[in-house]
Amino acid sequence: DNTIAFGPNQSLAFSVYVKTSNWSQTLYSVTGLAPFTTTSVSPTTLDEAAAYYPDWRRQYVKSSPKGLRVVNTGLDGATVSEGQGYGMLIAALAKDRTTFAGLWRYAKQYLDRNGLMNWEISPKGTVIGATSATNGDETMAEALLIGGTEWHSHQYHQAGVAMANAIYAHDRIPHTKLIGPGDGWGSKNRTMAPGYIDPYAYSL
């Protein structure tokens, strides 16, 4: 069974569960306040999470000329790369390929020169936060790898690998093994972002 983990900080108010062989579940908390959590839950809880997915999608996923975007209600409806990545991850775990494809289509329109998504996009589609945010980059790469496995998509898998390589090349503080805040920040001032340190490895 797969064990997947990602870090804190996005107010999507949704928890995703991955079914394993013996009803032991892995919980992914995306509540904006709770840190990364792993726990076992019952089939009933799993069903409740799955039942909430349509409500989550209706509330947070909106159409745009460039694809589907996850809106951040705390930023007047802007889209941030972290939220977009979490949306892709949720859609992949919910096996909703149409939503996943729409979210990825939107994200691709806003990749910077390093192949990482600019961190904030206005409701009108203007980049208002240039350069990437590492937490968004990590979650998006993870979602692409999961989507590639779920739908046997070489295209998604290759995109996830490319993004993971870009994270290593551009989000890492040069000449260290420390993660920076994004591809335009830490490389300049050697600022480490502890909140962006996801688990050191993923089993996918």
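**Salt bridges and a buried serine**

Visitor: Does Arg 58 count as buried or exposed?
Guide: The model is a predicted one. The cut-off for exposed is over 50% relative accessible area. Arg 58 has a relative accessibility of 54%, so this residue counts as exposed.

Visitor: Which residue forms a salt bridge with Arg 58?
Guide: Both members of this pair lie in helix H1, which covers residues 43-60, and they are three residues apart, about one turn of the helix. The closest N and O atoms are 2.3 Å apart. The partner of Arg 58 is Asp 55.

Visitor: How many residues apart in sequence are Arg 57 and Asp 96?
Guide: The side chains of these two residues meet in a salt bridge, with N to O at 4.0 Å. Arg 57 lies in helix H1, and Asp 96 lies in the loop between helix H2 (81-93) and helix H3 (97-108). The pair therefore ties together parts of the chain whose separation in sequence is 39 residues.

Visitor: Which side chain meets Glu 150 in a salt bridge?
Guide: The N to O distance in this salt bridge is 2.9 Å, and the partner is Lys 95. The pair links distant parts of the chain, 55 residues apart: Glu 150 is in helix H4 (residues 134-150), and the other residue is in the loop between H2 and H3.

Visitor: What does the count of salt bridges come to?
Guide: Side chains of opposite charge can pair when their charged atoms come close. The cut-off between nitrogen and carboxyl oxygen is 4 Å. By this rule the count is three.

Visitor: Which side chain does a polar contact of 3.3 Å join to Ser 132?
Guide: Ser 132 sits in the loop between strand E7 (127-129) and H4. Ser 132 is buried, because its relative accessible area is 0%. Beyond its neighbours within four places in sequence, its contacts include Asp 112, Trp 119, Asp 137 and Trp 185. The polar contact of 3.3 Å joins the side chain of Ser 132 to that of Asp 171.

Technical notes: Residues numbered from 1 in each chain as written. Predicted model: local features only at pLDDT ≥ 70, side-chain atom pairs only at ≥ 80, totals over all residues. Heavy atoms only, no water. Helix = DSSP H or I, 4+ residues; strand = E, 2+ residues; numbered from the N terminus. Buried < 20%, exposed > 50% of the residue type's maximum accessible area, 1.4 Å probe, protein only. Polar contact = N/O pair within 3.5 Å; in protein donor to acceptor, adjacent residues only side chain to side chain. Contact = heavy atoms within 4.5 Å.
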